[in-house]
Amino acid sequence: RPGVTAMVCHPRRFNPSHRWVHARIAAGDFALQHLVAETFFLRRENKNALGQPRSWTDHLLWHHACHTVDLFLHQTGEVPAAAWAQQGPPHPELGIAMDMTVGLRSPAGALCTLALSFNNDGPLGTTFRYIGDTGTYVARYDELVDGHDNPIDVSGVDVSTDGIEIQDREFLAAVREGREPATSVARCLPTMETLHRLERVL
């Protein structure tokens with residue numbers, strides 16, 4: 001109402017890797033059957049990925065799963081017909097679950113399987129495996145390979161190969177042009193409603 005531009009931070013929608021897959025889906029060249037994602041960190045203190053203290057407590061559902069749930073809704077164009085989740089025991093000091101599993105099914109039948117852990121002793125981050133009717137693609141943030149680990153060139157997707165930069169460009173462009181951003185609060189509300197459904201299951 002006051003004309004202020006607000007945009008939700010969902011970098012996965014802007015990573016060239018995911019945008020390349022999205023373009024194939026939109027063109028009818030790739031039908032998503034199963035999105036398999038892993039989000040793994042090692043967390044014992046309330047610090048971010050750079051080791052800096054946080055003023056808020058991180059959360060597997062409301063932060064990390066949120067991005068993948070939003071990506072699944074974006075790639076399928078549908079609100080899940082089914083959504084379930086389970087979690088492991090809470091950390092004695094942080095008070096949050098350290099392991100979680102999320103499952104989604106779109107009305108058309110596409111599946112999303114997401115495993116999350118703050119107990120993983122290894123490289124941090126998220127890997128997305130798109131399994132479809134005409135191929136398999138593995139996205140690691142801005143990079144994309146096929147199912148056999150052959151690199152896919154995503155340099156022509158946008159003016160940058162940095163998803164964070166592309167996201168920032170979209171926000172600034174929306175402000176300048178006085179239009180709704182690609183990830184406006186309204187457009188991302190179905191993601192938050194889906195997370196609420198998952199939290200009720202947990």
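The count of salt bridges comes to nine in this structure, which is a predicted model. Some of them are picked out below, followed by the other topics.

**Salt bridges**
- Arg43, Arg54 and Asp58 are tied together in a network of salt bridges.
- Aspartate 58 has a relative accessibility of 1%, so it counts as buried, the cut-off being under 20%.
- Arginine 54 counts as buried too, at 18% relative accessibility.
- Glutamate 165 forms a salt bridge with arginine 169, and their closest N and O atoms are 2.9 Å apart.
- These two residues, arginine 169 and glutamate 165, are separated by about one helical turn because they sit four residues apart in helix α3 (residues 163-177).
- Arginine 169 is partly exposed at 45% relative accessibility, and glutamate 165 is partly exposed at 30%.
- Arginine 187 forms a salt bridge with glutamate 180, with 3.3 Å between the closest N and O atoms.
- Here glutamate 180 is partly exposed, with a relative accessible area of 38%, and arginine 187 is partly exposed, with 43%.

**Helix α2**
- Helix α2 covers residues 60-76, 17 residues in total, and spans 22 Å from its first C-alpha to its last, close to the expected 24 Å.
- At cysteine 66 the helix α2 bends by about 50°.
- Of the 17 residues in α2, 13 are buried, so the helix is largely enclosed by the rest of the structure.
- Histidine 64 belongs to helix α2 and is buried, with a relative accessible area of 9%.
- The C-alpha atom of histidine 64 is separated by 16 Å from that of arginine 44, which is 20 residues away along the chain.

**Strands**
- Strands β1 (residues 32-40) and β5 (residues 125-132) run antiparallel and are joined by eight bridges.
- Histidine 34 has isoleucine 131 in β5 as its bridge partner.
- Isoleucine 131 also stands opposite threonine 136 in β6.
- Four bridges pair β5 with strand β6 (residues 136-140) in the antiparallel sense, and the two strands form a hairpin with three residues between them.

**Surface patch**
- A nonpolar patch on the surface is made of Trp62, Leu189 and Met192, which together have about 250 Å² of accessible area.
- Methionine 192 lies in helix α4 (residues 185-201) and is partly exposed, with a relative accessible area of 32%.

How values were computed. Residues numbered from 1 in each chain as written. Predicted model: local features only at pLDDT ≥ 70, side-chain atom pairs only at ≥ 80, totals over all residues. Heavy atoms only, no water. Patch = residues over 30% accessible without salt bridge, like charges linked within 9 Å, V, L, I, M, F, W, Y side chains within 5 Å. Areas by Shrake-Rupley, 256 points an atom, 1.4 Å probe, with all protein chains shown as cover. Salt bridge = Lys/Arg side-chain N within 4 Å of Asp/Glu carboxyl O. Buried < 20%, exposed > 50% of the residue type's maximum accessible area, 1.4 Å probe, protein only. Pairing = 2+ DSSP bridges. Expected span 1.5 Å × (residues − 1). Bend = angle between axes of the 7 residues up to and from the residue.
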